[in-house]
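Good morning, everyone, and thank you for making time for this. I would like to walk you through one model, strand by strand and contact by contact, so please keep the sequence and the structure in view while I talk.

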Amino acid sequence: MNSRFAWLLIAAAVAVAGCSSKPKVRQPTKLVEIKQPEAKAREIWSRSAGNGSNTLYSGLRLAVEADALYAASINGQVFAMVPKTGATIWRTSTKTRVIAGPTVSGDLVLVGTLDGDVIALKRATGAEVWRAVLPSEVLAPLAVGGDIVVARAADGREFGLSATDGSRVWSFDRTIPNLTLRGLSKPLILGNRVYTGLDNGKLAALNLSDGVPAWEQNVSVPTGRSELERLTDIDADLIAADNGIYAVTYGNDIALLDPTRGESRWRRSIKSYSGMVATDKALFVTDNDGVLWALDPVTGAVIWKQESLKFRRLSPPAVFGEYVIVADYKGYVHIFEPRDGRAVARVNLGGDPVISAPVSDGERIYVLDTDGDIAAYQIEALKP
């Protein structure tokens, strides 16, 4: 089996619970009206960013910076927009199938494609600066550290490219399991190292300058008899914090790791392929079952868990002001109180799934769905 096209199999597996002769289909929980909403999400603007990924897994996401909001589409369009209004600053056609990004760093906007291209565009105008060709799909958003662009290909290889011209500086290769989820986490660059969550449940630390491994540590160890039971992918983005690196796997482990040697400072059982967000007060994570967790960032102890959205295939969480936000497979954007997890507001983007994390610039929250629709919201507290 081509492991990178296992997503449909996994989606089917996620939809069925247990292994009995009469498996229970995991029906998405019906939404219950919030009778006394404490906040309101007010749409500021909405627009299309071109063709979305629809049923095709993608690493497409929004990137918000001081100068612009950046987006890309599966039909090869890359956009820079005015965050306040959604008006187009520039639009570029890459004439290929963009599947990951954009990533913005310095003067560059970078995207990855289904055809194995890494494309660097000029941040001010969208003009192409360079294009590098890798051996397979570039499914993960690019990461940039200094003069090195780190790219992950679907065949398990990782490359360090020159930020100046896209030439290869180094490569790193690890054999991937026969069956994996179709997805890759974004490389995390801290100082002179790049950290990568692998499909075998390991976290690898490489020297950023030459790609030489510094260490590898297990976050999850494969267990079970079947390949499906032994999935341990790290597909959610790693999160850097003052006290370490947070990693969560499909193998039912979430951990805080020491970036120097990879040793676990704490771990607990949570299975996730979507993602996390951290503040100084809590680590929020959406799990495989559609449960939103708040964990103590120092100890991993559970602060609360919100189960009202079970099996609604949640996006990674985001933090906006005093709120925690997640979106679901029907385009609903859910807003929660971070101290106790109670639902305070809800709004619908349009009915299509949201699989990437909402992003915020401190004034607005921006949401992208799989149809390529983008909406900007302001969240306002309601008076009691």
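Let me begin with a term: two strands are said to pair if DSSP finds at least two bridges between them. Strands themselves are DSSP runs of E with at least two residues, while helices are runs of H or I with at least four residues, and both are numbered from the N terminus. What you are looking at is a predicted model, in which local features need pLDDT of at least 70 and side-chain atom pairs count only at pLDDT 80 or more, whereas totals for chains, interfaces and linings use all residues. Residues are numbered from 1 along each chain as its sequence is written, and side-chain values use heavy atoms, with hydrogens and water left out.

β26 is joined to strand β27, residues 292–295, by four bridges, and the two run antiparallel. Within that pair, Leu283 has Leu295 of β27 as its bridge partner. The hairpin of β26 and β27 has five residues between the strands, and in it Gly290 takes a positive phi near 85°. Strand β25, residues 275–278, also pairs with β26 in the antiparallel sense, again over four bridges, and here Met276 stands opposite Val285. The hairpin that joins β25 to β26 passes through four residues.

Let me turn to the nonpolar cores, each a set of buried Ala, Val, Leu, Ile, Met, Phe, Trp, Tyr and Cys residues joined through side-chain atoms within 4.5 Å. The largest core has 18 residues, of which Ile325, Ile335, Tyr377 and Ile379 touch the most other members. The elements that give two or more residues to this core are β3 (39–48), β30 (323–327), β31 (332–336), β32 (343–348), β34 (365–368) and β35 (373–381). If we take contact as heavy atoms within 4.5 Å, and leave out residues up to four places away in sequence, the residues that Tyr377 touches include Ala41, Ile44, Val347, Leu349, Ile365 and Val367, and also Arg42 and Glu43. A second, separate core has 15 residues, including Ala120, Ala153, Phe159 and Leu161.

Next come the charged pairs. A salt bridge is counted when a side-chain nitrogen of Lys or Arg is within 4 Å of a carboxyl oxygen of Asp or Glu, and a search of the whole structure finds 19 of them. One of these joins Glu216 and Arg174, at 2.6 Å from N to O. Glu216 lies in strand β20 (residues 213–218) and Arg174 in the loop between β16 (168–173) and β17 (188–190), so the pair ties together parts that are 42 residues apart in sequence. Both ends are partly exposed, Glu216 at 26% relative accessibility and Arg174 at 30%.

Another salt bridge links Arg265 and Asp258, at 3.6 Å; Arg265 is partly exposed at 45%, whereas Asp258 is buried at 8%. These two belong to a network of salt bridges that links Asp258, Arg261, Glu263 and Arg265.

Finally, I would point you to some backbone details. Where is the cis peptide bond that involves Pro102? The bond joins Gly101 and Pro102, with omega about 5°, and Pro102 is found in strand β9, residues 98–105. Asn252 has a positive phi of about 80° although it is not a glycine; Asn252 sits in the loop between β22 (244–248) and β23 (254–257), and is partly exposed at 32%. Phe311 likewise is not a glycine but has a positive phi, of about 65°, and its place is in the loop between β28 (302–306) and β29 (318–320).

Notes. Buried means under 20% relative accessible area, exposed over 50%, partly exposed in between (1.4 Å probe, protein chains only).
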